[in-house]
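I opened my notebook to look up a few places in this structure and to write down what I found at each of them.

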Amino acid sequence: MVDLIIKENYPLKYLTTMKIGGPARYFLEAKTAEDIKHGIQFSNEQNLPIFILSGGSNVLISDKGFNGIVIYNKIEGFDILNEDIGAVVLKVGAGEIWDSIVERAVKKNWWGLENMTLIPGKIGGLVVQNAGAYGCEISDVVHAVEVFDKKDGHIKFLNKKQCKFVYRDSIFKNFERRYVILNVLIKLVKNGKPKIDYPDVRRYFEKRKIQKPNLHQVRESIVYIRENKLPDPVKIGSAGSFFKNLVLSEISYDELYKKMKKNCAKESVKKLEELKNRFSGDGLIKIPTAYILDVCGLKGFVENGVKVWDSQPLVLANTNNAASAQNVLNMFKKIRQAVYKKTSIQLESEVEFIGFGRQELEEYFKLQ
Ligand SMILES: Cc1cc2nc3c(=O)[nH]c(=O)nc-3n(C[C@H](O)[C@H](O)[C@H](O)COP(=O)(O)OP(=O)(O)OC[C@H]3O[C@@H](n4cnc5c(N)ncnc54)[C@H](O)[C@@H]3O)c2cc1C
């Protein structure tokens with residue numbers, strides 16, 4: 001029998017990178033699948049909802065906290081399952097800090113993770129979100145995922161296809177959060193090629209006249225770019241990109257184009273066309289939301305300690321680490337309304353809202 005320590009009224013604020021939020025009614029640290037199983041049993045007995053918390057870097061927790069049990073994912077492990085001349089398959093505990101995995105891989109000269117250097121969070125959280133950066137996503141390296149299935153109480157493996165990865169989404173965000181990730185199997189290659197097409201990365205190497213950077217240089221470039229663009233997560237609260245980038249059909253793009261032609265300066269419309277040509281594929285048009293926020297004059301906008309970050313306006317920063325969840329949601333609402341008015345775009349949140357009531361949230365999603 002496992003000795004479970006379930007704490008009550010446990011503060012969550014400092015377990016999130018936003019540094020916002022009230023306490024969990026119940027809180028449990030899970031180091032093994034058994035711990036997870038017992039946490040789920042407890043929630044069933046108490047008839048309370050569960051929330052799995054990893055690095056807390058993609059969530060905004062309500063000022064009232066979470067009225068249920070928070071299971072804090074601390075499952076560790078970093079083992080080689082298979083290795084040959086060209087590749088290695090690793091089994092990594094869902095609670096391992098992502099950037100330390102990247103660091104270890106780069107030291108070993110294993111390619112595949114380097115462009116995702118410095119993404120905060122734990123590997124379990126990255127898989128849920130299909131997190132990515134600078135032209136790569138974690139789904140590029142996922143081989144399989146070991147999960148605890150809340151529905152039947154069994155531990156099973158999902159292969160990559162079963163994970164249903166798409167842009168910032170996966171099966172783990174759906175199906176009533178049926179799966180808790182225990183371990184992730186990732187496949188890395190030994191003689192990889194640098195992926196440096198992404199504009200910021202390409203510019204970095206062009207400036208330094210490096211044509212074929214090695215793995216360590218790629219990691220260094222990403223550290224440099226991120227440190228210059230994003231708030232330092234140790235000092236300033238944020239959850240990274242608060243809004244998703246736009247993935248538009250031709251019809252939606254045309255609507256945006258018409259609306260911007262009516263409401264925005266000529267140069268902005270010209271830039272929109274350039275972006276369309278740069279980021280399109282598979283019949284879909286990708287427009288960076290940062291550009292839309294810029295066009296709407298929202299860069300640098302600050303209110304009640306919440307700031308639209310100048311060098312990356314997708315980020316809402318908790319500048320003095322004193323803002324409340326309500327302050328952030330008020331800013332979220334203002335931004336969505338301003339963008340809708342000027343472009344007809346309904347921005348989607350990339351961050352998850354935890355512990356809020358449905359009606360309460362609906363208020364913040366109103367467009368007029
Ligand atoms: C400064 C900064 C920069 C960022 N940059 C990027 C970036 O470049 N690219 C990017 O994609 N994201 C970025 N993010 C957002 C965030 O880091 C990622 O989304 C990350 O994947 C979240 O991982 P986490 O461990 O913090 O997850 P959490 O925030 O703890 O959880 C996120 C979701 O996953 C679920 N979850 C977590 N672990 C498990 C598990 N083991 N089993 C089942 N469900 C689980 C949670 O219940 C929740 O629904 C950034 C954030 C910050 C603060």
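**Entry on Ser170.** I looked up the side chain of Ser170 and found that it reaches the backbone oxygen of Val128 at 2.7 Å, a polar contact, meaning a pair of N or O atoms within 3.5 Å where, within protein, one must be able to donate a hydrogen and the other to accept it, and where residues adjacent in sequence count only if both atoms are side-chain atoms. Ser170 sits in the loop between strand 11 (155–159) and strand 12; helices (H or I, at least four residues) and strands (E, at least two) are DSSP runs, numbered from the N terminus. I noted Ser170 as buried, because its relative accessible area is 1%, and the classes are buried under 20%, exposed over 50% and partly exposed in between, with a 1.4 Å probe and protein chains only. Leaving out residues up to four places away in sequence, Ser170 touches Val127, Val128, Cys163, Lys164 and Phe165, where contact means heavy atoms within 4.5 Å.

**Note on the model.** This is a predicted model, in which local features need pLDDT of at least 70 and side-chain atom pairs count only at pLDDT 80 or more, while totals for chains, interfaces and linings use all residues. Residues are numbered from 1 along each chain as its sequence is written, and side-chain values use heavy atoms, with hydrogens and water left out.

**Entry on Ser62.** I then turned to Ser62, which lies in the loop between strand 4 (59–61) and strand 5 (66–73) and counts as buried because its relative accessibility is 1%. The side chain of Ser62 reaches the backbone nitrogen of Lys64 at 2.9 Å. Not counting residues up to four places away in sequence, Ser62 touches Gly21, Gly22, Ala325, Ile354, Gly355 and Phe356.

**Entry on the ligand.** Which residues come nearest to the ligand? Of the 34 residues around it, I found that these are Ile52, Ser54, Ser57, Gly132 and Glu352, a residue being near if one of its heavy atoms lies within 4 Å. Helix 3 (123–129) is among the elements that each supply at least two residues of this shell, and helix 3 gives the most, with five residues. An oxygen atom of the ligand is 2.8 Å from a polar backbone atom of Gly56, and an oxygen atom of the ligand is 2.9 Å from a polar backbone atom of Asn58. A nitrogen atom of the ligand lies 2.9 Å from a backbone N or O atom of Ile181. Taken alone the ligand exposes 970 Å², of which the protein buries 96%; accessible areas come from the Shrake-Rupley method with a 1.4 Å probe, and for residues only the protein chains shown count as cover.

**Entry on two phi angles.** Most residues other than glycine have a negative phi, and I looked for exceptions. Asn47, which is not a glycine, has a positive phi of about 55°; Asn47 is found in the loop between helix 1 (33–46) and strand 3. Is Asn47 buried or exposed? I noted Asn47 as exposed, because its relative accessible area is 68%. Phi of Lys209 is also positive, near 55°, and Lys209 is found in the loop between helix 4 (199–207) and helix 5 (215–229). Lys209 is exposed, with a relative accessible area of 75%.
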